[in-house]
Amino acid sequence: MAKKTALADRLDAVREKIAAAAVRAKRDPKEVTLIAVTKTATPEAIREAVSLGVTDLGEGRVQQLIQRASQMVETQSRRKFSENAAPAAKPPVWHMIGHLQRNKVKPLLPLVACIHSIDSLRLAEEIDAAGAKAGKRVNVMMQLNASEEPQKFGVAIGAATHLGESIASMPNLQLVGLMTMAELDAEEKDIRTAFRRTREVFEEMKWQKIGGPAFRHLSMGMSHDYEYAVEEGSTMVRVGTAIFGNETPAAEGESTD
Ligand SMILES: *Cc1c(COP(=O)(O)O)cnc(C)c1O
């Protein structure tokens, strides 16, 4: 056996913590999908993560997602012609998790399994129209601003059910859940409050049968708070730096202030 790499160690640690948090909440760890967020990752690191069994990748920016998804496809097809390559891991699926501008929807559609960041009716309409043209029903989530930070993207709690109903009624969209981001350096109790509020809206929408049986995901939790998120009911955690580290420069457009 080759020596375990730092990335393999970090990935194992994240998986173990997810499983432990699920058990604490009396949940089946299999209910939680790990999305490895590639923002700070090199192409080699992404390939390594996939070879270690990561099935879901996430990106916050359209350009990066397109670039990285095409790099992965190239690797997959090169492997086919290489005799002693390890058996190819199942190709990963991509999630768009960042803010999406309407004019960037079209090139994204063929590449993504799910768009987590619907935060307006107009964006939903744009994706619905693009889905119609592409002959594709697009999996989407509605992003809630559950921490009520004024500068943050996402739908206000009070507006969520209504917008959710509109999204769910669009023929080329499949509403599969809700997404939220807790405040970055908040205390545990405030982080949990944001996750709980999102879950309450989720339960309310389920009770109203909005989105039907496909509406079953809560995309909550990042590197600093995914254990709380799993305890509060998350089914998809979006973890970047805890897996890939943050040695590589942050993507353009991300300020650190
Ligand atoms: C960057 C990002 C993540 C991952 O953040 P880490 O702190 O690196 O785990 C998760 N969700 C969204 C929406 C992001 O933009």
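Where is the place of T235? T235 sits in the loop between α8 (226–231) and β8 (236–239). Helices (H or I, at least four residues) and strands (E, at least two) are DSSP runs, numbered from the N terminus. This is a predicted model: local features need pLDDT of at least 70, side-chain atom pairs count only at pLDDT 80 or more, and totals for chains, interfaces and linings use all residues. Residues are numbered from 1 along each chain as its sequence is written, and side-chain values use heavy atoms, with hydrogens and water left out.

Stay with T235 for a moment. T235 has a relative accessible area of 11%, so T235 is buried. Buried means under 20% relative accessible area, exposed over 50%, and partly exposed in between (1.4 Å probe, protein chains only). Leaving aside residues up to four places away in sequence, T235 touches R27, E31, V32, T33, R216, H217 and L218. Contact here means heavy atoms within 4.5 Å.

Now turn to the ligand. Around the ligand are V37, K39, I97, M181, M222, S223, R238, V239, G240 and T241. To be near, a residue needs one of its heavy atoms within 4 Å. This shell divides into five nonpolar, three polar and two charged residues. Ala, Val, Leu, Ile, Met, Phe, Trp, Tyr, Cys and Pro count as nonpolar, Asp, Glu, Lys and Arg as charged, and the others, Gly among them, as polar.

K39 places a side-chain N or O atom 2.8 Å from a ligand oxygen. S223 has a polar side-chain atom 2.5 Å from a ligand oxygen. R238 has a polar side-chain atom 2.8 Å from a ligand nitrogen. Taken alone, the ligand exposes 390 Å², and the protein buries 86% of that. These areas come from the Shrake-Rupley method with a 1.4 Å probe.

Finally, look at the charges. The whole structure holds 15 salt bridges. A salt bridge is a side-chain nitrogen of Lys or Arg within 4 Å of a carboxyl oxygen of Asp or Glu. D9 pairs with K4, with the closest N and O atoms 3.1 Å apart. E149 pairs with K152 at 2.5 Å, and both residues are buried.

E231 and R192 also meet in a salt bridge, 2.6 Å from N to O. This pair links distant parts of the chain: E231 lies in helix α8 and R192 in helix α7 (residues 188–207), 39 residues apart. E231 is partly exposed at 23% relative accessibility, whereas R192 is buried at 13%. Salt bridges with shared partners join R24, E188, R192, R196, E227, E231 and E232 into one network.

Notes:
A polar contact is a pair of N or O atoms within 3.5 Å; within protein, one must be able to donate a hydrogen and the other to accept it, and residues adjacent in sequence count only if both atoms are side-chain atoms.
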